[in-house]
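User: I have a structure open and would like to go through it with you. Can we start with the charged side chains?

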Amino acid sequence: MPEPDPEEKIDATFRNGSLTAAGIILGFSLSFIGRWVSNPNDWSAIDIAPMVLLTVGIALQVKVFADLLARDSLIAEKYDRARRLFLIGLVIVAIGMGIALLNDILGLGSMQMLG
């Protein structure tokens, strides 16, 4: 199997579509965390896990968005790395959202966790 060309480039149109999709998903992630943080309900210790996951996942998405805006993002190797990181960030955000929603459904956020 031949080694991939380290300078292989992707089409700019393809990268632009990925950039648009990443921007939309990043916007959704930021909107979710913004609404969740501004919720008038009290916070509890159970909210720490989903908040950490959401923060880490969104940070990865922001990094990828910045990477895709870079001029060298048309290099296939860098594009593939950014794509993998974005999917990891997306999964982390989804897990964080799932835990937050599960906590809300089960009423765990309103339980006294400490003291």
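User: How many salt bridges are there?
Analyst: This is a predicted model, and the count comes to 2 salt bridges.

User: Which residue does Lys 63 pair with, and how far apart are the closest N and O atoms?
Analyst: Lys 63 forms a salt bridge with Asp 67, and the closest N and O atoms are 2.7 Å apart. The two residues are 4 apart in helix α2, so about one helical turn separates them.

User: Why does a spacing of three or four places matter in a helix?
Analyst: An α-helix has 3.6 residues a turn, so residues three or four places apart point the same way.

User: What about α1, what span should it have?
Analyst: The 26 residues of α1 should span 38 Å at 1.5 Å a residue, and the end C-alpha atoms are 37 Å apart, which agrees.

User: What covers the buried residues of α2?
Analyst: The cover includes α1 (12-37) and α3 (76-106). Among the buried residues of α2 are Met 51, Leu 54, Gln 61 and Val 64. The buried residues of α1, including Arg 15, Leu 19 and Trp 36, pack against α2 and α3.

User: New topic: how many residues make up the largest nonpolar core?
Analyst: The largest nonpolar core has 12 residues in all, among them Leu 19, Leu 60, Tyr 79 and Phe 86. The elements giving two or more residues to this core are α1, α2 and α3, and the largest share, 6 residues, comes from α3.

User: What does Phe 86 touch?
Analyst: Leaving out residues up to four places away in sequence, Phe 86 touches Ala 22, Ile 25, Gln 61 and Val 64.

User: Which residues are in another core?
Analyst: Another core, of 10 residues, lies apart from the largest one, and Phe 32, Trp 36, Leu 54 and Met 97 are among its residues.

Definitions and conventions
Residues are numbered from 1 along each chain as its sequence is written. This is a predicted model: local features need pLDDT of at least 70, side-chain atom pairs count only at pLDDT 80 or more; totals for chains, interfaces and linings use all residues. Side-chain values use heavy atoms; hydrogens and water are left out. Buried means under 20% relative accessible area, exposed over 50%, partly exposed in between (1.4 Å probe, protein chains only). Contact means heavy atoms within 4.5 Å. The expected span of a helix is 1.5 Å times one less than its number of residues. A nonpolar core is a set of buried Ala, Val, Leu, Ile, Met, Phe, Trp, Tyr and Cys residues joined through side-chain atoms within 4.5 Å. A salt bridge is a side-chain nitrogen of Lys or Arg within 4 Å of a carboxyl oxygen of Asp or Glu.
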